Amino acid sequence: MLQPLAARNTYDLKFRSDAARIQGVSCLKGLEGLTVTPFDRSVVVTVLYLNFEPRTCFKCGEEGHEAKSCPNRRCGKCLQVGHDKAECPNKVRCNLCGEEGHVSGSCPTYFVL
């Protein structure tokens with residue numbers, strides 16, 4: 001769970017288990033622009049610098065626009081661009097790890113950002 005804190009650009013990141021927290025801290029400490037402060041069941045992350053240029057749409061993955069102005073249709077079930085969930089012939093795909101057969105809520109790599 002990611003929760004914004006009162007301090008600007010600071011977030012509390014909670015993990016499902018200690019093992020996930022340890023692995024998550026290891027991954028986050030390698031990211032430029034973040035300060036990571038581990039605690040017992042959570043991690044405080046302070047965003048010092050993020051390069052927003054060029055912008056990449058999290059909806060379709062293309063550069064040059066943001067999701068709110070995305071001209072592409074992306075399926076909420078299989079995550080492919082070009083059709084909607086209602087007309088999707090494919091299996092469900094996790095939007096965290098990209099694997100077929102499960103959704104993000106039951107993803108084994110749930111802690112990954």
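At which residues does UniProt place the feature "domain: CCHC-type"? The record, an unreviewed entry, puts it at residues 57-72 and 93-108; UniProt positions follow the numbering used here, feature names are shortened, and annotations may be inferred rather than shown by experiment.

This is a predicted model, in which local features need pLDDT of at least 70 and side-chain atom pairs count only at pLDDT 80 or more, while totals for chains, interfaces and linings use all residues. Residues are numbered from 1 along each chain as its sequence is written, and side-chain values use heavy atoms, with hydrogens and water left out.

**Whole chain**

Start with the cartoon of the protein chain. It has one helix and four strands, in the order β-β-α-β-β along the sequence. Helices (H or I, at least four residues) and strands (E, at least two) are DSSP runs, numbered from the N terminus. Of the 113 residues, 27% count as buried; buried means under 20% relative accessible area, exposed over 50%, and partly exposed in between (1.4 Å probe, protein chains only).

**The nonpolar core**

Select Leu13, Phe15, Ala20, Val25, Leu28, Val36 and Val43. These seven residues form the largest nonpolar core, a set of buried Ala, Val, Leu, Ile, Met, Phe, Trp, Tyr and Cys residues joined through side-chain atoms within 4.5 Å. Helix H1 (residues 18-29) supplies the largest share of this core, three residues. In soluble globular proteins, nonpolar side chains tend to be buried together.

Centre on Val43 next. Leaving aside residues up to four places away in sequence, Val43 touches Tyr11, Asp12, Leu13, Phe15, Arg21, Val25, Val36, Thr37 and Pro38; a contact here means heavy atoms within 4.5 Å.

From that list, pick Asp12, in strand S2 (residues 10-14). Asp12 is buried, with a relative accessible area of 10%. Its side chain makes a polar contact with the side chain of Lys14 (2.8 Å). A polar contact is a pair of N or O atoms within 3.5 Å; within protein, one must be able to donate a hydrogen and the other to accept it, and residues adjacent in sequence count only if both atoms are side-chain atoms.

**The annotated spans**

Colour residues 57-72: the span is 0% helix and 0% strand, and its end C-alpha atoms lie 10 Å apart. Residues 93-108 are likewise 0% helix and 0% strand, with end C-alpha atoms 13 Å apart.

**After strand S4**

Go to Cys75, in the segment after strand S4 (42-47). Is Cys75 buried or exposed? Cys75 is buried, at 1% relative accessible area. Beyond four places in sequence, Cys75 touches Gln80, His83, Asp84, Lys85 and Cys88.

Leu79 is also found in the segment after S4. Its phi is near 70°, a positive value in a residue other than glycine. Most residues other than glycine have a negative phi.

**Salt bridges**

The structure holds four salt bridges, each a side-chain nitrogen of Lys or Arg within 4 Å of a carboxyl oxygen of Asp or Glu. Show Arg73, Asp84 and Glu87, which are linked in a network. Arg73 meets Asp84 at 3.1 Å, N to O; both lie in the segment after S4, so the pair ties together parts that are eleven residues apart in sequence. Glu87 meets Arg73 at 3.3 Å, N to O. Arg73 is partly exposed at 39% relative accessibility, as is Glu87 at 45%.

Finish at Arg93, which forms a salt bridge with Glu100, the closest N and O atoms being 3.1 Å apart. Arg93 is partly exposed at 27%, and Glu100 is partly exposed at 41%.
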